[in-house]
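Subject: Structure handover

Hello,

Here is the structure I said I would pass on. My notes on it follow below.

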Amino acid sequence: MITFNFEAIGTSWSIDVLDSLSKKSEQELLRKIGKRIEVFDQTYSRFRKDSLVMEMSQKKGNYQLPPDAMPLLTLYQQLYQLTDGAVTPLIGDVLSQAGYDAEYSLTPRTLHHPDRWEAVLAYTTPTLRIKKHALLDFGAAGKGYLTDIIGELMQKHGVQNFCIDASGDILYKNKAHTPLRIGLEHPENPKQAIAVAQITGGSLCGSAGNRRKWNGFHHIINPHTLTSPTNIAAIWVTAKTALLADALTTCLFFTNPEKLQKYFDFDYVILNADYTLKKSQDFPGEFFYN
Amino acid sequence: MEEQQQSTTQVSKSKSGPMVAIVGLIVIVVVGVFAYQNMNKQQTQNTPAVTEQTQQPTQPSQETATQPTTGGATQAAGYKDGTYTALGNYTSPGGAEELGVTLTIAEGVVTVSEVEVKATRPISKTRQTDFAENYESQVVGKNIDELTLTKVSGSSLSPKGFNDAVEKIKAQAQQT
(Lines give C-alpha, C1' and ligand atoms only; values in the text may rest on other atoms or scores of the structure.)
Protein backbone atom coordinates (compact mmCIF):
# COMPACT_ATOMS: atom_id res chain seq x y z
CA MET A 1 0.00 0.00 0.00
CA ILE A 2 1.09 3.52 -0.75
CA THR A 3 -0.39 6.83 0.33
CA PHE A 4 -0.22 9.99 -1.77
CA ASN A 5 -0.34 13.13 0.34
CA PHE A 6 -0.57 16.52 -1.31
CA GLU A 7 -2.23 19.93 -1.27
CA ALA A 8 -4.70 20.82 -4.00
CA ILE A 9 -7.74 23.04 -4.56
CA GLY A 10 -7.12 24.77 -1.26
CA THR A 11 -7.04 21.75 1.02
CA SER A 12 -5.04 18.64 1.83
CA TRP A 13 -5.53 15.27 0.19
CA SER A 14 -4.57 11.80 1.26
CA ILE A 15 -5.05 8.92 -1.15
CA ASP A 16 -4.48 5.34 -0.01
CA VAL A 17 -3.81 2.96 -2.86
CA LEU A 18 -4.75 -0.38 -1.32
CA ASP A 19 -3.67 -2.49 -4.31
CA SER A 20 0.00 -3.08 -4.91
CA LEU A 21 1.45 -1.36 -7.94
CA SER A 22 4.91 -1.21 -9.38
CA LYS A 23 6.92 1.89 -8.49
CA LYS A 24 6.60 3.05 -12.06
CA SER A 25 2.85 2.55 -12.09
CA GLU A 26 2.51 4.43 -8.79
CA GLN A 27 4.40 7.40 -10.17
CA GLU A 28 2.35 7.30 -13.32
CA LEU A 29 -0.87 7.28 -11.30
CA LEU A 30 0.21 10.19 -9.13
CA ARG A 31 1.13 12.18 -12.21
CA LYS A 32 -2.27 11.47 -13.80
CA ILE A 33 -4.08 12.51 -10.62
CA GLY A 34 -2.15 15.76 -10.43
CA LYS A 35 -2.88 16.53 -14.05
CA ARG A 36 -6.60 15.77 -13.67
CA ILE A 37 -6.92 18.00 -10.60
CA GLU A 38 -5.21 20.80 -12.47
CA VAL A 39 -7.72 20.54 -15.35
CA PHE A 40 -10.64 20.53 -12.91
CA ASP A 41 -9.29 23.50 -10.97
CA GLN A 42 -8.65 25.46 -14.12
CA THR A 43 -12.29 25.02 -15.07
CA TYR A 44 -14.21 25.46 -11.83
CA SER A 45 -12.08 27.46 -9.40
CA ARG A 46 -13.04 31.00 -8.51
CA PHE A 47 -9.73 31.36 -6.68
CA ARG A 48 -7.52 31.50 -9.76
CA LYS A 49 -7.44 34.17 -12.43
CA ASP A 50 -6.96 31.80 -15.37
CA SER A 51 -10.03 29.63 -14.72
CA LEU A 52 -13.06 29.28 -16.94
CA VAL A 53 -15.25 30.43 -14.06
CA MET A 54 -13.24 33.65 -13.86
CA GLU A 55 -13.50 34.14 -17.59
CA MET A 56 -17.27 33.67 -17.43
CA SER A 57 -17.51 36.23 -14.63
CA GLN A 58 -16.05 38.88 -16.91
CA LYS A 59 -17.84 38.22 -20.15
CA LYS A 60 -21.42 37.31 -20.99
CA GLY A 61 -22.08 34.77 -23.68
CA ASN A 62 -22.25 31.08 -24.51
CA TYR A 63 -19.62 28.77 -23.07
CA GLN A 64 -18.95 25.19 -24.12
CA LEU A 65 -18.36 23.33 -20.89
CA PRO A 66 -16.14 20.23 -20.69
CA PRO A 67 -17.91 16.84 -20.60
CA ASP A 68 -17.45 16.54 -16.83
CA ALA A 69 -19.73 19.55 -16.28
CA MET A 70 -22.96 17.73 -16.93
CA PRO A 71 -23.35 15.76 -13.65
CA LEU A 72 -22.31 18.83 -11.67
CA LEU A 73 -24.56 21.35 -13.39
CA THR A 74 -27.51 18.96 -13.51
CA LEU A 75 -27.27 18.31 -9.78
CA TYR A 76 -26.91 22.03 -9.01
CA GLN A 77 -29.98 22.74 -11.10
CA GLN A 78 -31.99 20.12 -9.24
CA LEU A 79 -30.78 21.24 -5.82
CA TYR A 80 -31.56 24.85 -6.65
CA GLN A 81 -35.19 23.82 -7.16
CA LEU A 82 -35.33 21.59 -4.08
CA THR A 83 -33.83 24.16 -1.73
CA ASP A 84 -35.86 27.09 -3.06
CA GLY A 85 -32.73 28.72 -4.37
CA ALA A 86 -30.65 28.35 -1.20
CA VAL A 87 -28.07 26.15 -2.92
CA THR A 88 -26.91 28.05 -5.98
CA PRO A 89 -23.68 28.52 -7.91
CA LEU A 90 -24.56 32.22 -7.93
CA ILE A 91 -23.42 32.38 -4.30
CA GLY A 92 -19.92 33.09 -5.65
CA ASP A 93 -20.44 36.84 -5.69
CA VAL A 94 -21.92 36.79 -2.19
CA LEU A 95 -19.02 34.76 -0.76
CA SER A 96 -16.63 37.13 -2.46
CA GLN A 97 -18.44 40.20 -1.10
CA ALA A 98 -18.29 38.64 2.38
CA GLY A 99 -14.51 38.49 2.00
CA TYR A 100 -14.06 34.86 0.93
CA ASP A 101 -12.45 35.97 -2.28
CA ALA A 102 -9.45 35.03 -4.38
CA GLU A 103 -7.18 37.12 -2.14
CA TYR A 104 -8.73 35.84 1.12
CA SER A 105 -9.33 39.47 2.08
CA LEU A 106 -11.84 38.25 4.70
CA THR A 107 -13.08 41.83 4.79
CA PRO A 108 -16.83 41.95 4.24
CA ARG A 109 -18.19 44.57 1.90
CA THR A 110 -21.89 45.22 1.25
CA LEU A 111 -23.61 41.94 0.45
CA HIS A 112 -26.18 41.71 -2.32
CA HIS A 113 -28.74 39.00 -2.87
CA PRO A 114 -27.80 36.90 -5.88
CA ASP A 115 -30.04 36.91 -8.95
CA ARG A 116 -32.33 34.04 -9.67
CA TRP A 117 -30.88 31.17 -11.71
CA GLU A 118 -33.13 31.88 -14.71
CA ALA A 119 -32.07 35.51 -14.80
CA VAL A 120 -28.40 34.63 -15.17
CA LEU A 121 -27.94 31.07 -16.37
CA ALA A 122 -29.32 28.82 -19.07
CA TYR A 123 -27.80 25.36 -19.29
CA THR A 124 -28.32 23.03 -22.21
CA THR A 125 -25.59 20.40 -22.34
CA PRO A 126 -22.87 21.22 -23.14
CA THR A 127 -23.55 24.97 -23.34
CA LEU A 128 -23.85 27.32 -20.43
CA ARG A 129 -25.25 30.69 -21.33
CA ILE A 130 -24.23 33.54 -19.05
CA LYS A 131 -26.79 36.31 -19.41
CA LYS A 132 -25.52 38.62 -16.68
CA HIS A 133 -22.26 39.14 -14.83
CA ALA A 134 -21.90 36.38 -12.25
CA LEU A 135 -19.04 34.77 -10.38
CA LEU A 136 -19.98 31.11 -10.10
CA ASP A 137 -19.03 29.01 -7.11
CA PHE A 138 -19.12 25.23 -7.14
CA GLY A 139 -17.88 24.86 -3.58
CA ALA A 140 -20.97 23.00 -2.39
CA ALA A 141 -20.23 19.95 -4.53
CA GLY A 142 -17.00 20.56 -6.42
CA LYS A 143 -14.63 18.82 -4.03
CA GLY A 144 -16.86 15.77 -3.78
CA TYR A 145 -17.19 15.63 -7.52
CA LEU A 146 -13.44 15.88 -8.03
CA THR A 147 -13.05 13.02 -5.52
CA ASP A 148 -15.35 10.86 -7.67
CA ILE A 149 -13.42 11.81 -10.80
CA ILE A 150 -10.14 10.77 -9.20
CA GLY A 151 -11.76 7.53 -8.05
CA GLU A 152 -12.79 6.80 -11.61
CA LEU A 153 -9.32 7.61 -12.86
CA MET A 154 -7.81 5.20 -10.34
CA GLN A 155 -10.15 2.43 -11.38
CA LYS A 156 -9.19 3.01 -15.00
CA HIS A 157 -5.57 2.74 -13.92
CA GLY A 158 -6.37 -0.70 -12.52
CA VAL A 159 -6.71 0.20 -8.85
CA GLN A 160 -9.88 -1.36 -7.46
CA ASN A 161 -9.27 -0.82 -3.76
CA PHE A 162 -8.60 2.67 -2.48
CA CYS A 163 -9.56 5.42 -0.08
CA ILE A 164 -9.51 9.03 -1.18
CA ASP A 165 -9.66 11.49 1.69
CA ALA A 166 -10.07 15.06 0.50
CA SER A 167 -9.79 16.53 3.98
CA GLY A 168 -12.84 14.80 5.40
CA ASP A 169 -14.71 14.13 2.17
CA ILE A 170 -14.06 10.46 1.69
CA LEU A 171 -14.57 7.99 -1.15
CA TYR A 172 -13.85 4.36 -0.35
CA LYS A 173 -13.76 1.33 -2.62
CA ASN A 174 -12.93 -2.06 -1.23
CA LYS A 175 -13.84 -5.35 -2.86
CA ALA A 176 -13.67 -7.15 0.48
CA HIS A 177 -15.96 -4.56 2.08
CA THR A 178 -13.63 -4.15 5.01
CA PRO A 179 -15.26 -1.47 7.17
CA LEU A 180 -13.60 1.92 7.30
CA ARG A 181 -13.89 3.58 10.70
CA ILE A 182 -14.29 7.33 10.40
CA GLY A 183 -14.35 9.61 13.41
CA LEU A 184 -16.85 12.44 13.13
CA GLU A 185 -14.87 15.37 14.40
CA HIS A 186 -16.13 17.41 17.33
CA PRO A 187 -16.63 20.90 15.84
CA GLU A 188 -15.06 22.62 18.82
CA ASN A 189 -12.32 20.14 19.57
CA PRO A 190 -10.45 18.56 16.67
CA LYS A 191 -8.88 16.09 19.11
CA GLN A 192 -12.28 14.56 19.77
CA ALA A 193 -14.96 12.75 17.82
CA ILE A 194 -18.67 12.70 18.61
CA ALA A 195 -19.15 9.42 16.77
CA VAL A 196 -17.51 6.70 14.77
CA ALA A 197 -19.08 6.08 11.40
CA GLN A 198 -18.40 2.86 9.53
CA ILE A 199 -18.69 2.52 5.80
CA THR A 200 -17.86 -0.48 3.66
CA GLY A 201 -17.86 1.48 0.42
CA GLY A 202 -19.11 4.68 -1.15
CA SER A 203 -18.70 8.13 0.28
CA LEU A 204 -18.92 10.01 3.54
CA CYS A 205 -18.68 13.80 3.42
CA GLY A 206 -18.76 16.33 6.20
CA SER A 207 -19.34 20.03 6.49
CA ALA A 208 -18.87 22.28 9.50
CA GLY A 209 -18.47 25.98 10.00
CA ASN A 210 -15.59 25.80 12.43
CA ARG A 211 -12.46 26.14 10.28
CA ARG A 212 -13.15 28.57 7.45
CA LYS A 213 -14.81 31.29 9.45
CA TRP A 214 -14.31 35.01 9.68
CA ASN A 215 -16.36 38.02 10.83
CA GLY A 216 -19.46 35.99 11.64
CA PHE A 217 -19.37 34.17 8.30
CA HIS A 218 -18.32 30.69 7.30
CA HIS A 219 -18.09 28.96 3.93
CA ILE A 220 -21.85 28.57 3.64
CA ILE A 221 -23.99 31.68 3.23
CA ASN A 222 -27.75 31.68 2.87
CA PRO A 223 -28.52 33.74 -0.26
CA HIS A 224 -31.88 34.80 1.17
CA THR A 225 -30.68 36.07 4.55
CA LEU A 226 -27.06 36.82 3.54
CA THR A 227 -25.86 35.23 6.76
CA SER A 228 -24.12 31.98 7.58
CA PRO A 229 -26.33 29.43 9.34
CA THR A 230 -25.53 29.19 13.06
CA ASN A 231 -28.18 26.71 14.19
CA ILE A 232 -26.19 23.75 12.86
CA ALA A 233 -22.64 22.92 13.96
CA ALA A 234 -21.87 20.13 11.49
CA ILE A 235 -23.43 17.77 8.98
CA TRP A 236 -22.30 14.41 7.63
CA VAL A 237 -23.81 12.51 4.75
CA THR A 238 -23.16 9.04 3.35
CA ALA A 239 -24.09 8.29 -0.23
CA LYS A 240 -22.88 6.24 -3.16
CA THR A 241 -20.97 9.13 -4.72
CA ALA A 242 -18.97 11.91 -3.15
CA LEU A 243 -20.64 14.38 -5.51
CA LEU A 244 -24.00 13.65 -3.93
CA ALA A 245 -22.74 13.31 -0.36
CA ASP A 246 -20.82 16.59 -0.56
CA ALA A 247 -23.70 18.50 -2.17
CA LEU A 248 -26.24 17.22 0.34
CA THR A 249 -24.19 18.37 3.34
CA THR A 250 -24.69 21.93 2.10
CA CYS A 251 -28.37 21.34 1.24
CA LEU A 252 -29.10 20.09 4.74
CA PHE A 253 -28.07 23.45 6.19
CA PHE A 254 -31.17 24.82 4.45
CA THR A 255 -33.66 22.05 3.74
CA ASN A 256 -35.16 19.29 5.82
CA PRO A 257 -33.81 15.82 5.06
CA GLU A 258 -37.24 14.26 4.60
CA LYS A 259 -37.77 16.36 1.51
CA LEU A 260 -34.39 15.45 0.03
CA GLN A 261 -34.87 11.75 0.79
CA LYS A 262 -37.73 11.66 -1.69
CA TYR A 263 -35.22 12.34 -4.43
CA PHE A 264 -31.89 10.91 -3.28
CA ASP A 265 -30.58 7.82 -1.57
CA PHE A 266 -28.46 8.90 1.42
CA ASP A 267 -28.05 8.83 5.18
CA TYR A 268 -27.26 11.84 7.31
CA VAL A 269 -26.32 13.26 10.69
CA ILE A 270 -27.15 16.83 11.57
CA LEU A 271 -25.34 18.06 14.66
CA ASN A 272 -27.24 21.05 15.97
CA ALA A 273 -25.43 23.94 17.61
CA ASP A 274 -26.75 22.73 21.00
CA TYR A 275 -25.20 19.27 20.39
CA THR A 276 -28.48 17.50 19.91
CA LEU A 277 -28.60 15.28 16.87
CA LYS A 278 -30.93 14.57 14.07
CA LYS A 279 -29.98 11.58 11.98
CA SER A 280 -31.44 9.06 9.62
CA GLN A 281 -32.28 5.72 11.14
CA ASP A 282 -29.75 3.84 9.03
CA PHE A 283 -26.76 6.15 9.44
CA PRO A 284 -23.92 3.68 9.97
CA GLY A 285 -22.32 4.84 13.18
CA GLU A 286 -21.93 4.73 16.92
CA PHE A 287 -22.61 7.99 18.73
CA PHE A 288 -21.32 9.13 22.08
CA TYR A 289 -23.81 10.43 24.59
CA ASN A 290 -23.34 11.66 28.11
CA MET B 1 -25.17 23.81 33.25
CA GLU B 2 -26.83 27.02 32.26
CA GLU B 3 -25.71 26.23 28.80
CA GLN B 4 -27.49 22.90 28.87
CA GLN B 5 -30.69 24.49 30.03
CA GLN B 6 -30.49 27.10 27.36
CA SER B 7 -29.91 24.55 24.69
CA THR B 8 -32.84 22.50 25.84
CA THR B 9 -34.96 25.59 25.46
CA GLN B 10 -33.58 26.07 21.99
CA VAL B 11 -35.06 22.76 21.03
CA SER B 12 -38.48 24.07 21.90
CA LYS B 13 -37.94 27.21 19.85
CA SER B 14 -37.35 25.23 16.75
CA LYS B 15 -40.70 23.51 17.03
CA SER B 16 -43.98 25.24 16.47
CA GLY B 17 -47.66 24.97 17.21
CA PRO B 18 -48.81 22.19 19.46
CA MET B 19 -45.27 20.84 19.48
CA VAL B 20 -44.36 23.65 21.84
CA ALA B 21 -46.63 22.17 24.45
CA ILE B 22 -45.03 18.77 24.03
CA VAL B 23 -41.53 20.13 24.04
CA GLY B 24 -42.43 22.37 26.96
CA LEU B 25 -43.22 19.30 28.98
CA ILE B 26 -39.96 17.61 28.04
CA VAL B 27 -38.11 20.77 28.90
CA ILE B 28 -39.71 20.81 32.33
CA VAL B 29 -38.75 17.22 32.96
CA VAL B 30 -35.29 17.47 31.50
CA VAL B 31 -34.46 20.82 33.04
CA GLY B 32 -35.74 19.54 36.37
CA VAL B 33 -33.38 16.61 36.20
CA PHE B 34 -30.49 18.63 34.81
CA ALA B 35 -30.90 21.24 37.51
CA TYR B 36 -30.85 18.57 40.11
CA GLN B 37 -27.97 16.79 38.49
CA ASN B 38 -26.08 20.05 38.56
CA MET B 39 -26.72 20.38 42.25
CA ASN B 40 -25.31 16.94 42.75
CA LYS B 41 -22.25 17.71 40.67
CA GLN B 42 -21.51 20.90 42.54
CA GLN B 43 -21.92 19.16 45.78
CA THR B 44 -19.60 16.37 44.73
CA GLN B 45 -17.04 18.88 43.60
CA ASN B 46 -17.21 20.93 46.75
CA THR B 47 -17.26 18.12 49.21
CA PRO B 48 -15.57 14.93 48.12
CA ALA B 49 -17.41 12.90 50.72
CA VAL B 50 -20.96 12.08 49.82
CA THR B 51 -23.32 13.98 52.01
CA GLU B 52 -26.90 13.34 52.90
CA GLN B 53 -29.22 15.02 50.46
CA THR B 54 -32.50 15.94 52.05
CA GLN B 55 -33.92 18.32 49.52
CA GLN B 56 -36.33 16.72 47.11
CA PRO B 57 -36.38 17.74 43.46
CA THR B 58 -39.28 19.89 42.50
CA GLN B 59 -41.82 17.96 40.54
CA PRO B 60 -43.59 19.71 37.72
CA SER B 61 -47.25 19.79 38.67
CA GLN B 62 -48.41 18.35 35.37
CA GLU B 63 -46.50 15.13 35.52
CA THR B 64 -46.91 12.07 37.62
CA ALA B 65 -43.61 10.31 38.02
CA THR B 66 -43.55 6.65 38.85
CA GLN B 67 -40.95 4.98 40.97
CA PRO B 68 -37.87 3.61 39.26
CA THR B 69 -38.79 0.51 37.36
CA THR B 70 -35.30 -0.82 36.83
CA GLY B 71 -31.79 -0.16 37.95
CA GLY B 72 -29.83 -0.37 41.13
CA ALA B 73 -30.30 1.51 44.32
CA THR B 74 -27.07 3.50 44.37
CA GLN B 75 -27.95 6.79 45.88
CA ALA B 76 -25.24 9.38 45.80
CA ALA B 77 -27.73 12.06 46.56
CA GLY B 78 -31.35 12.63 45.63
CA TYR B 79 -32.36 10.63 42.58
CA LYS B 80 -31.66 6.95 42.62
CA ASP B 81 -30.21 5.31 39.56
CA GLY B 82 -32.91 3.81 37.45
CA THR B 83 -35.45 4.37 34.76
CA TYR B 84 -38.07 6.97 35.41
CA THR B 85 -41.24 7.19 33.45
CA ALA B 86 -43.44 10.24 33.50
CA LEU B 87 -46.77 10.83 31.88
CA GLY B 88 -47.36 14.34 30.60
CA ASN B 89 -50.72 15.94 29.95
CA TYR B 90 -51.28 18.83 27.62
CA THR B 91 -54.10 20.35 25.67
CA SER B 92 -53.87 20.12 21.92
CA PRO B 93 -56.17 22.23 19.72
CA GLY B 94 -58.33 19.09 19.53
CA GLY B 95 -58.44 18.42 23.26
CA ALA B 96 -56.46 16.74 26.02
CA GLU B 97 -53.53 14.50 25.05
CA GLU B 98 -50.89 12.49 26.88
CA LEU B 99 -47.22 11.90 26.18
CA GLY B 100 -44.91 9.41 27.85
CA VAL B 101 -41.35 10.34 28.76
CA THR B 102 -38.68 7.96 30.03
CA LEU B 103 -35.37 9.04 31.52
CA THR B 104 -32.65 6.71 32.66
CA ILE B 105 -30.43 8.05 35.38
CA ALA B 106 -27.07 6.61 36.29
CA GLU B 107 -24.90 8.31 38.88
CA GLY B 108 -26.88 11.49 38.54
CA VAL B 109 -26.52 11.58 34.77
CA VAL B 110 -29.35 11.24 32.30
CA THR B 111 -28.21 8.54 29.91
CA VAL B 112 -31.23 7.65 27.85
CA SER B 113 -34.44 9.48 27.20
CA GLU B 114 -37.34 8.05 25.33
CA VAL B 115 -40.53 9.64 24.22
CA GLU B 116 -43.56 7.43 23.97
CA VAL B 117 -46.37 8.38 21.67
CA LYS B 118 -49.67 8.27 23.58
CA ALA B 119 -51.81 10.55 21.45
CA THR B 120 -55.10 9.33 20.08
CA ARG B 121 -55.97 12.10 17.61
CA PRO B 122 -54.31 11.62 14.22
CA ILE B 123 -52.68 15.07 14.14
CA SER B 124 -51.40 14.77 17.68
CA LYS B 125 -50.17 11.29 16.89
CA THR B 126 -48.22 12.56 13.90
CA ARG B 127 -46.74 15.40 15.91
CA GLN B 128 -45.77 13.19 18.81
CA THR B 129 -44.27 10.58 16.48
CA ASP B 130 -42.29 13.26 14.71
CA PHE B 131 -41.05 14.58 18.02
CA ALA B 132 -40.24 11.12 19.38
CA GLU B 133 -38.19 10.28 16.31
CA ASN B 134 -36.25 13.47 16.39
CA TYR B 135 -35.72 13.88 20.09
CA GLU B 136 -32.16 13.00 20.98
CA SER B 137 -29.98 13.75 23.91
CA GLN B 138 -26.79 15.70 23.45
CA VAL B 139 -23.70 14.06 22.09
CA VAL B 140 -20.27 14.43 23.63
CA GLY B 141 -16.76 14.09 22.30
CA LYS B 142 -14.38 11.19 22.91
CA ASN B 143 -10.65 11.59 22.46
CA ILE B 144 -9.66 10.52 18.99
CA ASP B 145 -6.45 8.87 20.17
CA GLU B 146 -8.52 6.55 22.35
CA LEU B 147 -10.61 5.40 19.40
CA THR B 148 -9.42 3.06 16.67
CA LEU B 149 -10.00 5.16 13.60
CA THR B 150 -8.89 4.98 10.02
CA LYS B 151 -10.05 8.47 9.08
CA VAL B 152 -11.52 11.62 10.57
CA SER B 153 -14.15 13.78 8.93
CA GLY B 154 -14.95 17.31 9.93
CA SER B 155 -14.67 20.62 8.18
CA SER B 156 -11.97 20.83 5.52
CA LEU B 157 -8.57 21.94 6.63
CA SER B 158 -8.10 25.51 5.52
CA PRO B 159 -5.44 26.48 3.02
CA LYS B 160 -2.40 28.27 4.36
CA GLY B 161 -3.45 31.51 2.67
CA PHE B 162 -6.74 31.47 4.50
CA ASN B 163 -5.14 30.79 7.86
CA ASP B 164 -2.59 33.54 7.30
CA ALA B 165 -5.37 35.97 6.49
CA VAL B 166 -7.23 35.06 9.68
CA GLU B 167 -4.07 35.60 11.72
CA LYS B 168 -3.55 38.98 10.07
CA ILE B 169 -7.06 40.08 10.94
CA LYS B 170 -6.64 38.93 14.53
CA ALA B 171 -3.41 40.92 14.81
CA GLN B 172 -5.11 44.00 13.40
CA ALA B 173 -7.99 43.62 15.82
CA GLN B 174 -5.53 43.55 18.73
CA GLN B 175 -3.85 46.76 17.62
CA THR B 176 -7.05 48.75 17.41
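Leu29(A), Lys32(A), Ile33(A), Arg36(A), Ile37(A), Phe40(A) and Tyr44(A) in H1(A) are in contact with Gly142(A), Leu146(A), Ile149(A), Ile150(A), Leu153(A) and Met154(A) in H6(A). Contact here means that the C-beta atoms of two residues, placed from the backbone, lie within 7 Å. By class, the residues of this contact are 10 nonpolar, 1 polar and 2 charged. Nonpolar covers Ala, Val, Leu, Ile, Met, Phe, Trp, Tyr, Cys and Pro, charged covers Asp, Glu, Lys and Arg, and the others, Gly among them, count as polar.

This is a predicted model, in which local features need pLDDT of at least 70 and side-chain atom pairs count only at pLDDT 80 or more, while totals for chains, interfaces and linings use all residues. Residues are numbered from 1 along each chain as its sequence is written, and chains are lettered from A and ligands numbered from 1 in the order in which they are written.

H1 spans residues 23-44 of chain A and H6 spans residues 142-156; they pack at an angle of about 150° with their axes 10 Å apart. Axes are lines fitted to C-alpha atoms, for helices over the stretch in contact, and angles run from 0 to 180 degrees between N-to-C directions. The crossing of H1(A) and H6(A) is right-handed (the near helix is turned clockwise from the far one by less than a right angle).

Chain A as a whole has 8 helices and 16 strands. The C-alpha trace of chain A spans about 50 × 50 × 35 Å along its principal axes. Of the 290 residues in chain A, 43% are buried, meaning that 20 or more other C-beta atoms lie within 10 Å of the residue's own, with C-beta atoms placed from the backbone.

Now the sheet. In chain A, 8 strands make an open sheet with antiparallel pairing, in the order E1-E2-E6-E7-E10-E13-E14-E15. Two strands pair if DSSP finds at least two bridges between them. E1 and E15 of chain A are at the edges with a single partner strand each, so one side of each has no neighbour in the sheet. From one strand to the next, the twist averages 10°.

At the E1 end, E1(A) (residues 2-8) and E2(A) (residues 11-17) are antiparallel over 7 bridges, and Ile2(A) stands opposite Val17(A). The two strands form a hairpin with 2 residues between them, where Ile9(A) in the turn has a positive phi of about 40°. E2(A) is also joined by 4 bridges to E6(A) (residues 162-166), with Asp16(A) opposite Cys163(A). E6(A) in turn has 5 bridges to E7(A) (residues 169-173), where Asp165(A) stands opposite Ile170(A). Helix H7(A) (residues 242-251) lies across E7, E10 and E13 of chain A, at about 25° to E10(A).

Last, which residues does the contact between the chains involve? It takes 46 residues from chain A and 34 residues from chain B. On the side of chain A, E9(A) gives the largest share, 8 residues. That side has 23 nonpolar, 15 polar and 8 charged residues. E9(A) is also joined to E5(B) (residues 142-143) by 2 bridges in the antiparallel sense, and Gln192(A) has Asn143(B) as its bridge partner.

Regards

Methods:
Buried ≥ 20, exposed ≤ 12 C-beta atoms within 10 Å, placed from the backbone.
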